[in-house]
Amino acid sequence: MGRKRFRGVPSAEMVRATVPTEADILQVRTLARRARLTFEALCGLYARRAASQPNRGGRNCADMRTLSAMISSNLCLYRDKHIVGPVPGVFVGDAFNYRAELIVVGLHSHTQAGIGFVPASLVSEGKPVAISIVSSGGYLDDRDNGDVLLYAGSGGRPRNGGDHHADQEFEGGNLALAYSCKYGVEVRVIRCHDCDASPSGKVYVYDGLYKVESSTYSPGESGREVCRFKLVRLPGQDPLGSNTWHAAKNLIDDLNSGIRRPGYLTLDLSRGKEAIRIPVCNTVDKDRSPLDDTKYIARPRLPPPRLESRRRCCGYRASASSSSSRCACVKRNGGGGPPYNADGTLVKGMPMVYECGAQCACPPSCPNRVTQRGMRHRLEVFRSAETEWGVRTLDLIQPGAFICEFSGDVVAAGASTDWDGYVDPRKFPPRWKEWGDASAATLPDDEGPPLLAQCPTPAYVLDVSKRRNLAPYICHSGAPNAFVQFVVCGDESESCPHLTVFALETIPPMRDLSIDYGIDQ
């Protein structure tokens, strides 16, 4: 079978991928997550460099620079294959901030073209077939109700948008979609939505596999000839990711209006102790234990800060967010600059993150007080038939974003922790090492590694049997979407850090939060 290059994608074979066992699913999910973590780390690195050199001019295409670096370092998945059907490690409902990320995980093959296809030379019938599309509703003739998508083909208008000025033709991706219809080849559908919470202003949601049911050619609403395709979602898949986004928005609107839907036990588990209300939902059984068995405590009472020493804090001058910061608290993070990006996301996981504290002169709005400002995302405690109680997000959570903090009664570390009533910080695996790690891609001018201090083993455990917040309801996973990061504020003791939770990946609405409790070790 012949080989040829097309549109920047290396010569590759056409394959279908199968993932037969639970262990295999975990393995490929880990591979996909690792690739996305590398992408996030590199993208953040390029963005910080651009922010530190505002007078250089030109576009800051951090995502495209990241993609180029990952291709050069052979870090993109499945570049040697054209996968037909599901992509291993990518789940229906997964969300991506950049189209470049779709290429990194093998979901789509182009940064601009909406149709990804296999060239004729790699298809036994000698005709090209489409295997993925990105639908953004950019054409007048696009129609979409979720399970049925009326998709106008590509071409006939300027690349940067606008109305049709020429007829479309059955060539390239349009021709490939027509042959996917003829040969019954399913197509992956990724929908693009406007999203203020995304750094790109867009979010790309993978919505599963569709069958190209029909292909026609006729005048469109612009008067020009348009290639029209009717795609119908295949049955038996997880719920449509884009529909889940709309359902989450409607739920938030109801909750904000004080409407308690059936199955909701309360609209606020915290009873005003958190800045954002935490609803509790149980549509499985009659269990009410989050309301009846424990008292809500927003933050643990850790030992007070030492009084004998006081570091020179930033006083909320610009230095706290500067790479050349003079803030003593920021300097404790290893000399690599502030621990947080301008948007409040964590730059890199560390054994300990040092924030400004109670004795510092800076106000609560200081950029080095991210976790102290409390929750910023809408979270919900819910009853599940699989995990009993869990926590899911109603918002899109960006990777590296602070989610919440574990809270309970502080107990000396000598206590037995062999039952579920304790959270033992000594047992959390160092998942923080995975966040912000760009070491897989070697760059000639890469940032040097920060000088990370050796921190003492935590000297306490949290008793959550009588008092807790929502964090202990977060479920365990061997491939988690969040991680525990130790944080010390000001002159607090390093042996009693805050147990904070940060996002390890982009977490879409209505997805369960999960961390690694060390259960599998």
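Reader: In which sense, right-handed or left-handed, does α1 pass α2 in a crossing?

Author: Please keep in mind that this is a predicted model. The crossing of α1 past α2 is right-handed. The two helices, α1 (residues 22-52) and α2 (residues 62-72), pack with their axes 8 Å apart and at an angle of about 125°. They are therefore oblique to each other.

Reader: Which residues of α1 and α2 make the contact?

Author: From α1 come Ala35, Thr38, Phe39, Leu42, Cys43, Tyr46 and Ala47, and these meet Ala62, Asp63, Arg65, Thr66, Leu67, Ala69 and Met70 of α2. Sorted by class, this contact of α1 with α2 holds 10 nonpolar, 2 polar and 2 charged residues.

Reader: How is empty space found in a model?

Author: A probe the size of a water molecule is rolled over the atoms, and this shows where space is left empty. In this structure, the second largest pocket has a volume of about 1000 Å³.

Reader: Which residues lie nearest the centre of the second largest pocket?

Author: They are Arg29, Phe91, Asn481, Arg511 and Asp512, out of 33 residues that line the second largest pocket. Two or more lining residues are given by each of α1, α5 (241-256), β15 (379-384) and β22 (475-476). The largest share, 4 residues, comes from α1.

Reader: How many residues of that lining are nonpolar, polar and charged?

Author: The lining of the second largest pocket divides into 13 nonpolar, 10 polar and 10 charged residues.

Methods. Residues numbered from 1 in each chain as written. Predicted model: local features only at pLDDT ≥ 70, side-chain atom pairs only at ≥ 80, totals over all residues. Heavy atoms only, no water. Axes fitted to C-alpha atoms, helices over the stretch in contact; angles between N-to-C directions. Parallel < 35°, antiparallel > 145°, perpendicular 65-115°, else oblique. Left-handed = near helix turned anticlockwise from the far one by under 90°. Contact = heavy atoms within 4.5 Å. Nonpolar A, V, L, I, M, F, W, Y, C, P; charged D, E, K, R; others polar. 1 Å grid on protein atoms, 1.4 Å probe; cavity = no way out; pocket = protein on both sides within 12 Å on 5 of 7 lines; lining within 4 Å. Points joined across faces, edges and corners; volume = space filled by probe spheres on them.
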